[in-house]
Amino acid sequence: MKSYVLPDFNVTIDRETCTVCRGCVIQCTFNVYSFNKEKNRIDIDMNKCVDCQRCITFCPEDSITVTPTPIQYRQNASWSRENIRNIAKQAEAGGILLTGMGCDKPNFTYFDRLLLNASQVTNPSIDPIREPMELRTYLGSKPSLVNISSTGESLTDISLESPQLQVEIPILFSAMSFGSVNLNVQETLARTAVTSGTYFNVGEGGLNPKLNKYADHLVLQVASGRFGVHKGYLDAGAAVEIKIGQGAKPGIGGHLPGEKVTEEISATRMIPQGTDALSPAPHHDIYSIEDLSQLISAIKEATDYSKPVIVKIAAVHNSAAIASGIVRAGADIIAIDGMRGATGAAPQVIRDNVGIPIEMAIASVDSRLNQEGIRNKVSLIAGGGIRSSSDVVKAIALGADACYIATAALIAMGCTVCQKCYTGKCPWGIATMDPMISRRLNPDIAAKRVENLIRGWSLEIKEMLGGMGINSVESLRGNRHQLRGVGLTERELEILGIRMVGS
């Protein structure tokens, strides 16, 4: 069938400078380039280009250029290029359009319409270079009362506290399962979690034995598929996360095709090699808050009440009410994943139309838990579209205790967000299980790059805190007086719990 889908990108090679080294042929996993032996040149198939930038990065002569294709459909306010292109693709394939990473629509990002406050005359700023700044955060349930002895020397009743996660910066690496990314990526994040004083969530793919040495910095996930879940698995990590939903595809389960279930993944996930790994949308033992409470209790019992239990949900319309129920079910931490959250593969229509932005969800959840007097019983982790240190600071000011990041860490490794993770051909060796392509990611180099990112963000967070006259991230949590909105409606400002700029 002749394809009616126009190419997204225009690829050109400067024939004057190209030495026909064939590096682009080797680097491109989507077969855009091929060597024409008769003409001794590189031929190009633009229809296959995903703009991953790998060929440009590794071209020794800088001979390659990739630009958005100048070919356009006739302008139409109702039928955008994306609408026409998607219909053409489905007319040829007849299936659901898949995509990787997160929602790329600009109208769902509220962080860009929030501004932070700064100290001036009466409220002095703090110099983070010369003054101590506290980024350490404890995640978990806190006691409702702190009893101070009559002498004022000590705090008491610590027996009421549940296990805590201590992070040196309010950032954790979000769930990325073995299968969605390869072991090089998981090891990179685990190593960085150790050196940066934080945690890496291994996702629902089980725990590869090679990660056991990082166990003290791992969050282990229990998803509906129960892949690799057993007593030893629950005991291995620092915390256990029950995944109910994720921001990129709320209400949708996971699917790792059988061809990706290699021998190593088979052993880790405890499923037969070559079979599809299906994790259904619902947990078939959870149909109510009471059911969730039973599972939380079972996990705590199985781990001798030594680890905090996280419940991860997607940000949806009634997140605040759901979060209230989760607190009463006994969770220590709630992770809320906004609709810009990334994933290895999701139906495009779900990714772009289901869920709500994390900014709205975290603000409404924090407000509701405070109104009900139960905010201290749980910590909140915000995820789904955290792109910078300023996003982290704004999320905390809206009510989060810490943030999950994933795409940002992958970008630090080399990812260019070409959104083709679901193909398994990631040119940067990240979202692929191909052993040859996976070798492109060097864990030593990648770990250093991610560590640098975290260090850079921590310095920036301190700068922003100091500018606001705050010396502790704890003092920023839910401090919405430090935020103002730009171009937002009164209703949006009300939900976020902030005021308009100038007021």
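Student: In which strand is Leu115 placed?

Tutor: Leu115 lies in strand S6, which covers residues 114-116. Bear in mind that the model is predicted.

Student: Is Leu115 buried, partly exposed or exposed?

Tutor: Relative accessible area under 20% means buried and over 50% means exposed, with partly exposed in between. Leu115 has 44% relative accessibility, so it counts as partly exposed.

Student: Which residues form a nonpolar surface patch with Leu115?

Tutor: Val486 and Val501 do; with Leu115 they have about 210 Å² of accessible area together.

Student: How many helices and strands does the protein chain have?

Tutor: The protein chain has 16 helices and 23 strands. Its radius of gyration is 24 Å, close to the 23 Å from the globule rule for 503 residues, so the chain is as compact as a globular protein of that length. Of those 503 residues, 50% count as buried.

Student: What span should helix H10 have?

Tutor: Expected span is 1.5 Å times one less than the number of residues. Helix H10 (residues 358-371) has 14 residues and should span 20 Å; its end C-alpha atoms are 20 Å apart, which agrees.

Student: Which residues of H10 are buried, and what do they pack against?

Tutor: The buried residues of H10 include Ile358, Met360, Val365 and Leu369, and also Glu359 and Asp366. Packing partners of the buried residues of H10 are helices H8 (319-328), H11 (389-398) and H16 (490-496), along with strands S18 (333-337) and S20 (379-383).

Notes. Residues are numbered from 1 along each chain as its sequence is written. This is a predicted model: local features need pLDDT of at least 70, side-chain atom pairs count only at pLDDT 80 or more; totals for chains, interfaces and linings use all residues. Side-chain values use heavy atoms; hydrogens and water are left out. Patches are made of residues with over 30% relative accessible area and no salt bridge: like charges are joined within 9 Å, nonpolar side chains (Val, Leu, Ile, Met, Phe, Trp, Tyr) within 5 Å. Accessible areas come from the Shrake-Rupley method with a 1.4 Å probe; for residues, only the protein chains shown count as cover. A salt bridge is a side-chain nitrogen of Lys or Arg within 4 Å of a carboxyl oxygen of Asp or Glu. Helices (H or I, at least four residues) and strands (E, at least two) are DSSP runs, numbered from the N terminus. Buried means under 20% relative accessible area, exposed over 50%, partly exposed in between (1.4 Å probe, protein chains only). The radius of gyration is taken over C-alpha atoms; the globule rule is 2.2 Å times the number of residues to the power 0.38. Contact means heavy atoms within 4.5 Å.
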